[in-house]
Amino acid sequence: MCGIVAAVAERNIVPLLIDGLRRLEYRGYDSAGIAFIDEANQLQRIRSAGKVQALADRIDSERPGHLGLAHTRWATHGGPTEHNAHPHTASERLALVHNGIIENEQAIRKQLIEHGATFTSETDTEAIVHLIDHLLAQGQSMLDCLVEVQQQLQGSYAIAVLDQQHPDTIWGLRKGSPLVVGVGVGEHFLASDAAALVPLTQQMMYLQEGDIVAIRRDQAALYDQQGKPIERTIQRSNLDPESSERGHYRHFMLKEIHEQPAVISATLDGCLNGTRILPSLPAELLSQVRAIHILACGTSYHAGLTAKYWIESLAGIPVSVEVASEFRNRRPAVPEHTLMLAISQSGETADTLAALELASELNYLATIGLCNVPESALTRACDHALMTRAGLEVGVASTKAFTTQLTVLLLFTAALAQAQDKPKSRIAEVLDALGQVAQQTREVLALEDQIEALAYRLADKQHALFLGRGAEYPIALEGALKLKEVSYIHAEGYAAGELKHGPLALVDESLPVVVTASSNELLKKLESNLREVQARGGQLIVFADRAVTLDSNDDMHVMHLPLNHSIASPIVQVVPLQLLAYHVGVIRGTDVDQPRNLAKSVTVE
Ligand code: G6P
């Protein structure tokens, strides 16, 4: 939530910062701003409500700068107005951008007002810049100020700050929110996410908790939270600079849906080493596991729910899956030899990180993080990390991150089953099924035109119901989530067996009911549920695998997918639901990549 980008260079940094903001816009997009030192050594600040383009329209291309910082915002404290947009300033010399939340902002604000500070916004961020201003006025160096700031501020934050009186340096600080240094030749950058910087440099230094950095043209100097010099290794980012470009696709969401066959294959390749499944996980650890707790939020939670079906049936280990925002605020009971598995695409979600923090006080056997972002807070906080290889996901509604999570989770199931001495034939079956997923996904994507035609049936509706049974129940939940995120149609996902316990009351001829049907042992039961919907006039859209013998009729449209049922079917079954949601959103004219009120990385509680 909120994106920071900063640069010090010989060339004009203003267009670089605007381009960086566009690449970070997925983190928040209700207002944006930039501050830089111009050639007359004046501090310039331009801010705008709305998207980055609105800011770009206000920039005077005749006024270059060689040192500056910029921000795209997702409002927490104070509405998305120009006066709340970052950067915030103090004493006409400091400009500061911030990602995160300051929990004791009110107390600090009160103290600073008593010392004469004038606040012009409702943001928590303004307290930080006035606090630094206050400390500088007492004669402290910027480094000392940032050490002190960490002692005074409670909450999570990454900041970048510049001082017009020292126009060669930008300072950064990471505490709970990510910040990465981009190392160029004679130029340095800072950003919330390496994706903002990859067109400028591939050389990255990931700051760790409490790190302070001073970037100048020719160097980046790092300090720990006591202000002592430290070193961090430079790593080469393997992010494709084009991953933050839409290419010929109309939206990132569509591009990312279509990337799924490739990234599923890449993820599989990354997780298999000859006959070893997930070689980064010690087999002796997996053999000791007697229970698993999965914690996640949003789409990642749905991936966890699917994994529960797989792990319990194949490895015979009890699994509980919980949203991290609930888990973090209670006192969970942890049986002996329980593994904690935290799933987060970004590795930044505040609730999931807080759940992990709580886990460190509990009696877990070990913690494993499943993540798409190397060097994220999640991968660092866990004992072991499992990585998806989805590449950068820009669309706020998660698609390829989800199917790659499922891919790793099914491999994790196989690794567990192997370590727990389950029959080899079942493990071979899983690997075989996974081997076919990329091709099957490709074939489903080829049906896009037909799915787009179906989208017109939903586009004028107020509500929709999604049903599934077994491991496809979480897929129904995910289908409903995708539709509500990108089309703003109210959608509910339900276990088909629960239909009679409530949602059937909603069914009439105006209610579309979307169902995934697999030719498995639950099909007969699912067919009874379909009849219950039909008997009440509901309009069914059924995505069925090729062996399901259902035919379309007046109140049921059956689309057969080129898919044979297997344990991996849920991974493929979600793809038509993603396409359906996408096309409904496009028909309704919503901003599918950046739906209203949402952000991709929810770094606040
Ligand atoms: C936000 C995003 C969702 C995502 C959820 C969890 O709500 O909009 O797409 O599923 O966060 O994110 P994570 O990065 O932890 O998987």
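Trainee: Which polar backbone atom is 2.7 Å from an oxygen atom of the ligand?

Mentor: Keep in mind that this is a predicted model. S300, S344, Q345, S346 and T349 come nearest of the 13 residues around the ligand. The backbone atom at 2.7 Å from a ligand oxygen belongs to Q345.

Trainee: And which residue has a polar side-chain atom 2.4 Å from an oxygen atom of the ligand?

Mentor: Two side chains are worth a look here. S344 puts a polar side-chain atom 2.6 Å from a ligand oxygen. The one at 2.4 Å is on T349.

Trainee: How much of the ligand's accessible area does the protein cover?

Mentor: Start from the ligand on its own, with 390 Å² of accessible area. Of that, the protein covers 90%.

Trainee: On to the domains. What is the area buried between domain 1 and domain 2?

Mentor: First, the layout: domain 1 runs over 3–243, domain 2 over 247–439 and domain 3 over 447–591. The C-alpha centres of domain 1 and domain 2 are 33 Å apart, and their contact draws 14 residues from domain 1 and ten residues from domain 2. Carbon and sulfur atoms give 52% of the buried area, which comes to about 1000 Å².

Trainee: In domain 1, which residues lose the most area to domain 2?

Mentor: Three residues together account for 42% of what the domain 1 side buries. They are Y26, Y206 and S243.

Trainee: Which residue forms a salt bridge with E348?

Mentor: The side of domain 1 that touches domain 2 has seven nonpolar, three polar and four charged residues. Between these two domains the count is one salt bridge, and two residue pairs are in polar contact across the interface. As for E348, its salt bridge has the closest N and O atoms 2.8 Å apart, and the partner is R27.

Methods
Residues are numbered from 1 along each chain as its sequence is written. This is a predicted model: local features need pLDDT of at least 70, side-chain atom pairs count only at pLDDT 80 or more; totals for chains, interfaces and linings use all residues. Side-chain values use heavy atoms; hydrogens and water are left out. Domain bounds come from an automatic or database domain assignment. Contact means heavy atoms within 4.5 Å. Buried area is the accessible area (1.4 Å probe) that two parts lose on being put together, summed over both. A salt bridge is a side-chain nitrogen of Lys or Arg within 4 Å of a carboxyl oxygen of Asp or Glu. A polar contact is a pair of N or O atoms within 3.5 Å; within protein, one must be able to donate a hydrogen and the other to accept it, and residues adjacent in sequence count only if both atoms are side-chain atoms. Ala, Val, Leu, Ile, Met, Phe, Trp, Tyr, Cys and Pro count as nonpolar, Asp, Glu, Lys and Arg as charged, and the others, Gly among them, as polar. A residue is near a molecule or strand if one of its heavy atoms lies within 4 Å of it. Accessible areas come from the Shrake-Rupley method with a 1.4 Å probe; for residues, only the protein chains shown count as cover.
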